[in-house]
Amino acid sequence: MAELLNTLVPKEGILQDVIEGVNLFRISKSIPRSPINYEPSIIIIAQGQKKVFIDDEVILYDPLN
């Protein structure tokens, strides 16, 4: 899956509305914490990990979680 996504999104950034309502993200570096509200979504992480901070709680999404 990561190889397929690499061809669809060859450089850093967001490819919006690949299919209506479907966005592809390629982010290789950590970004500073900032308040963000997400719309309800399904997120598939093809490679690496994502950390979500809710107050003092840290939620880690990676191959094991």
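This is a predicted model: local features need pLDDT of at least 70, side-chain atom pairs count only at pLDDT 80 or more; totals for chains, interfaces and linings use all residues.

What follows is a tour from the whole chain down to single side chains.

**Before you click**

Residue numbers run from 1 along each chain as its sequence is written, and side-chain values use heavy atoms, with hydrogens and water left out.

**Stop 1: the whole chain**

Show everything as a cartoon. Helices here are DSSP runs of H or I with at least four residues, strands are runs of E with at least two, and both are numbered from the N terminus. The C-alpha trace spans about 35 × 25 × 20 Å along its principal axes.

The chain exposes about 6,400 Å², and carbon and sulfur atoms supply 55% of it; accessible areas come from the Shrake-Rupley method with a 1.4 Å probe, and for residues only the protein chains shown count as cover. Of the 65 residues, 5% count as buried. Buried means under 20% relative accessible area, exposed means over 50%, and partly exposed is in between (1.4 Å probe, protein chains only).

How many of the contacts between residues at least 6 apart in sequence join residues at least 24 apart? The share is 10%, where a contact means heavy atoms within 4.5 Å.

**Stop 2: the nonpolar patch**

Select L4, L8, L15, V18, I19 and V22 and colour their surface. Together these residues make a nonpolar patch of about 500 Å². To join a patch, a residue needs over 30% relative accessible area and no salt bridge; nonpolar side chains (Val, Leu, Ile, Met, Phe, Trp, Tyr) are joined within 5 Å, and like charges within 9 Å.

Which element gives the largest share of the patch? That is β1, with three residues. Both α1 (2-8) and β1 (13-19) supply at least two residues each.

Click V18, which sits in strand β1. V18 counts as partly exposed because its relative accessibility is 41%. Draw a distance from V18 to L8: these two are ten residues apart along the chain, and their C-alpha atoms are separated by 9.2 Å. Then move to V22 in strand β2 (residues 22-26). V22 has 33% relative accessibility, so it counts as partly exposed.

**Stop 3: loops**

Go to G21, in the loop between β1 and β2. At 64% relative accessibility, G21 counts as exposed. A C-alpha to C-alpha line from G21 to S41 reads 10.0 Å, for residues 20 apart in sequence.

Next pick S34, in the loop between β2 and β3. S34 is partly exposed, with a relative accessible area of 45%. Stretch a line to N23, eleven residues away along the chain, and the C-alpha separation is 21 Å.

The next pick is D55, in the loop between β3 (50-54) and β4. Check its backbone: phi is near 55°, a positive value in a residue other than glycine. D55 counts as exposed, since its relative accessibility is 70%. Its C-alpha is 10 Å from that of P35, 20 residues apart along the chain.

**Stop 4: D62**

Finish at D62, in the segment after β4 (57-61). Is D62 buried or exposed? D62 is buried, yet has no salt bridge, meaning a side-chain nitrogen of Lys or Arg within 4 Å of a carboxyl oxygen of Asp or Glu. The nearest side chain of opposite charge, K51, is 9.2 Å away; Lys and Arg count as positive, Asp and Glu as negative, while His and the chain ends are not counted.

What does the D62 side chain meet? A polar atom of that side chain lies 2.9 Å from the backbone nitrogen of L64, and a polar contact of 3.0 Å joins the side chains of D62 and N65. A polar contact is a pair of N or O atoms within 3.5 Å; within protein, one must be able to donate a hydrogen and the other to accept it, and residues adjacent in sequence count only if both atoms are side-chain atoms. Leaving aside neighbours within four places in sequence, show G48 and Q49 too: D62 is in contact with both.
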